[in-house]
Amino acid sequence: MVKLKELPGNELVQGSYACAGCGGILAVRMALKVLGPETVIVTTPSCLLGVTTFYPQLAFKVPCVNVTFPSTAAAISGVVAGLRRRGKSGVKVVGLAGDGGTVDIGLQALSGAIERGDNFIFICYDNEAYMNTGVQRSGSTPPGARTTTTPVGRAGRGEDRPKKDMLAIVAAHNIPYAATASIGYPQDYLTKVQKAMETEGPAYVQVLAPCPPGWGYSSHLTVKLARLAVQTGQWPLAEYEGGRLTVKEVANPRPLNEYLALQARFAHLLASK
Amino acid sequence: MRAYLNGNEAVATAVRLARAEVVAAYPITPQSTIVEKIAEYIADGSMAADYIRVESEHAALAACYGAAVTGTRVFTATSSQGLAYMFEMLHYVSGCRVPLVMAVTNRGLAAPWTIWADHQDAIACRDTGWIQLYVETAQEALDTCLQAYKIAAHPEVLTPVMVCLDGYVLSHTEEIVDVPDQEAVDVFLPPYRPEYAVDPARPIVFGIGAGPELYPAFKHYQHQAMLRAREIIEDVDREFAALFGRSYGGLVDPYYCDGAEVVLVLMGATAGTAREVVDDLRRRGEQVGLLRLRSFRPFPVAALRSVLAGTKVVAVLDRDCSFGYEGVLATEIKAALQGANVPGTPEVAGFTGGLGGSDIRPEDLAGIFRRCLEAVRRRDRGESPAVSGGCSENGKAEGINLWLS
Ligand SMILES: Cc1ncc(C[n+]2csc(CCOP(=O)(O)OP(=O)(O)O)c2C)c(N)n1
Ligand code: SF4
Ligand SMILES: [Mg+2]
């Protein structure tokens with residue numbers, strides 16, 4: 001288990017343009033503390049790319065291979081093969097993509113790479129919509145959420161479809177390791193990143209990463225919401241390992257209202273008639 | 001060593017000789033036998049490479065990109081729908097200045113579905129920032145793949161190359177090919193070790209973003225590199241000739257163009273048929289020639305002008321169509337000559353034909369020459385010289401298989 005106090009103090013993510021309170025950049029910053037400097041990032045259009053790698057900026061202290069939106073996992077396979085050819089198999093290859101870049105447009109490539117059994121870690125930071133392009137819904141948007149493409153009006157009540165069960169999808173590939181996590185529970189999250197890192201073959205971690213402007217809350221509430229999502233049963237912390245799925249039980253679940261009420265994207269659900 | 005190879009086998013042989021280290025590809029007719037052959041080489045131990053069995057062409061190019069930035073020599077191949085599916089990645093790879101080599105076994109695009117040759121697939125990718133070299137024979141396919149690795153990775157070029165070969169006519173037709181020795185190829189093509197590669201000891205970003213104040217500079221440098229490639233393509237062809245005794249003229253391959261009144265310009269394997277037609281007409285005293293364009297991008301404006309300036313009519317045969325206008329090559333040749341500002345600029349007559357594998361027979365090409373020679377005669381008599389008339393000399397429906405734009 002990762003000990004938070006023993007994590008290195010030096011930062012591998014520095015000087016990003018992410019919003020204050022961005023859960024996504026926090027997810028990446030924390031993961032890199034576990035992954036360490038012998039890591040290559042492969043990433044794709046998303047808020048993450050937009051806030052870290054606009055020339056001449058480089059907010060990562062590790063090499064970063066940016067690729068087209070559908071292609072994170074395909075480029076990963078190339079990087080893995082290339083490093084093997086160059087005798088650098090010890091370098092960790094980590095894909096970082098948003099929920100859109102993972103569960104929607106990147107799904108085919110991810111399926112291919114997992115099926116090929118390449119040795120990589122894929123971290124999906126899930127902010128439950130296409131944030132970089134202005135908060136459009138994705139396959140990972142929860143039901144009821146207002147986004148710019150699921151607006152609320154006389155006929156519209158926000159997102160009307162369930163959130164895609166990505167963990168089940170990767171599990172169906174017989175992936176050696178997969179997990180969900182939340183930036184609100186760093187010990188749990190980083191232990192999962194560590195396990196992913198130690199896995200031979202593909203490993204997948206989907207980490208809930210709240211987004212203040214996208215969800216409509218003030219930036220000091222990011223960690224609180226990341227915890228409430230778990231405590232209200234909205235975001236189960238699960239692990240798929242050796243073919244078995246385990247879900248962390250929530251001892252005393254809190255009322256869902258506590259989670260919803262803090263976010264403008266759900267305001268219409270709670271408004272009195 | 002001399003071997004009996006078809007165009008696709010010649011390409012696969014070149015990739016083995018070039019010691020490509022990572023190959024990622026997705027099957028599509030008529031390309032598939034290239035990568036099947038490579039898979040065989042890897043399986044029988046004659047080639048040390050990783051073959052990434054990707055789930056799409058888009059992924060094939062993304063995987064090649066990922067492998068290339070680690071500093072390995074990579075290869076992929078595709079055709080038609082597969083190339084169209086790669087479109088986003090084509091721009092990406094050239095913009096990142098990754099010197100990939102890809103074989104494009106040319107095939108028409110659906111709809112209607114076709115598996116047979118034309119150039120629409122590659123021509124439609126004209127502005128993706130890739131060098132495009134079109135070959136005439138299986139031998140040239142092999143040699144050009146070797147040249148392509150050298151051109152692409154030249155530090156002043158750093159631009160990906162498509163080696164284009166006509167589906168079936170080249171890809172599946174065997175000919176005697178002189179296969180170079182591995183030692184000689186190793187001298188010509190040392191291992192690919194780029195200045196910048198993925199290395200945790202020296203973290204850099206591949207595929208950055210750039211705001212309006214910097215984006216144009218990247219594109220300007222990319223354009224400059226492509227223009228510079230014109231010289232490098234010729235240099236590499238000369239260097240290749242010195243080592244292997246074969247040359248393809250670099251950018252253009254003229255045949256009896258000196259003093260010709262009519263020159264036919266085209267790309268690809270049709271040149272083989274055209275040479276016979278030119279020989280025949282020359283025997284009958286007609287001043288005709290052939291200019292095979294080898295490099296479509298970069299476009300060899302100066303070379304074209306110098307060969308075509310003295311002619312009276314230039315016939316262009318496009319195996320593609322820019323719908324609503326004309327064949328793309330015709331437009332480009334017109335523009336190139338227009339800019340030459342030479343008095344007596346030749347008339348350019350654009351013909352489109354050979355779409356979706358329809359045959360271009362000697363009599364079709366003879367018909368093009370005849371029509372152009374008639375225009376020359378009219379011009380000599382002081383009459384309006386325009387090339388005119390229906391095009392089809394092939395006994396099929398007038399203007400359907402071959403038409404004047
Ligand atoms: C092929 C393609 N389609 C659309 C886009 C536009 N685009 C860029 S980022 C993005 C949304 C990213 O959403 P997500 O992956 O969830 O990351 P986030 O920005 O939310 O962190 C979109 C739609 C693109 N770059 N490429
Ligand atoms: S919009 Fe959201 S995901 Fe994007 S940088 Fe801001 S907080 Fe992060
Ligand atoms: Mg998102």
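I began with strand E1 of chain A, which three bridges join to strand E2 (residues 64–66) of chain A, the two running parallel. Strands pair if DSSP finds at least two bridges between them; strands (E, at least two residues) and helices (H or I, at least four) are DSSP runs numbered from the N terminus. The model is predicted: local features need pLDDT of at least 70, side-chain atom pairs count only at pLDDT 80 or more, and totals for chains, interfaces and linings use all residues. Residues are numbered from 1 along each chain as its sequence is written, chains are lettered from A and ligands numbered from 1 in the order written, and side-chain values use heavy atoms, without hydrogens or water.

**Entry 1: strand E1 of chain A**

I next looked at the pairing of E1(A) with strand E3 (residues 92–98) of chain A, which is parallel and has five bridges. A:Thr43 has a partner in each neighbour: A:Leu96 in E3(A) and A:Asn66 in E2(A).

A:Asp99 sits in helix H4 (residues 99–104) of chain A, while A:Asn127, 28 residues away, is in the loop between strand E4 (121–126) and helix H6 (166–171), so the pair links distant parts of the chain. A:Asp99 counts as buried because its relative accessible area is 1%; A:Asn127 counts as buried because its value is 7%.

**Entry 2: ligand 2**

Which residues are around ligand 2? I listed A:Cys19, A:Cys22, A:Cys47, A:Asn127, A:Cys211, A:Pro212 and A:Pro213, near meaning that a heavy atom lies within 4 Å.

Most residues other than glycine have a negative phi, and most peptide bonds are trans. A:Glu128 has a positive phi, near 65°. This residue is in the loop between E4 and H6 of chain A and is buried at 5% relative accessible area. B:Ser80 also has a positive phi, of about 45°; it is in helix H4 (residues 80–85) of chain B and is buried at 0%.

I then noted two cis peptide bonds in chain B: B:Ala110 to B:Ala111, with omega near 0°, and B:Ala111 to B:Pro112, with omega near -5°. B:Ala111 is in the loop between strand E5 (101–106) and helix H6 (120–123) of chain B, and B:Pro112 is in the loop between E5 and H6 of chain B.

**Entry 3: two loop residues of chain A**

Is A:Gly90 buried or exposed? I found A:Gly90 exposed, at 64% relative accessibility, in the loop between helix H3 (72–85) and E3. Its C-alpha atom is 7.8 Å from that of A:Glu38, 52 residues apart along the chain.

A:Asn132, in the loop between E4 and H6 of chain A, is partly exposed at 45%.

Methods. Buried < 20%, exposed > 50% of the residue type's maximum accessible area, 1.4 Å probe, protein only.
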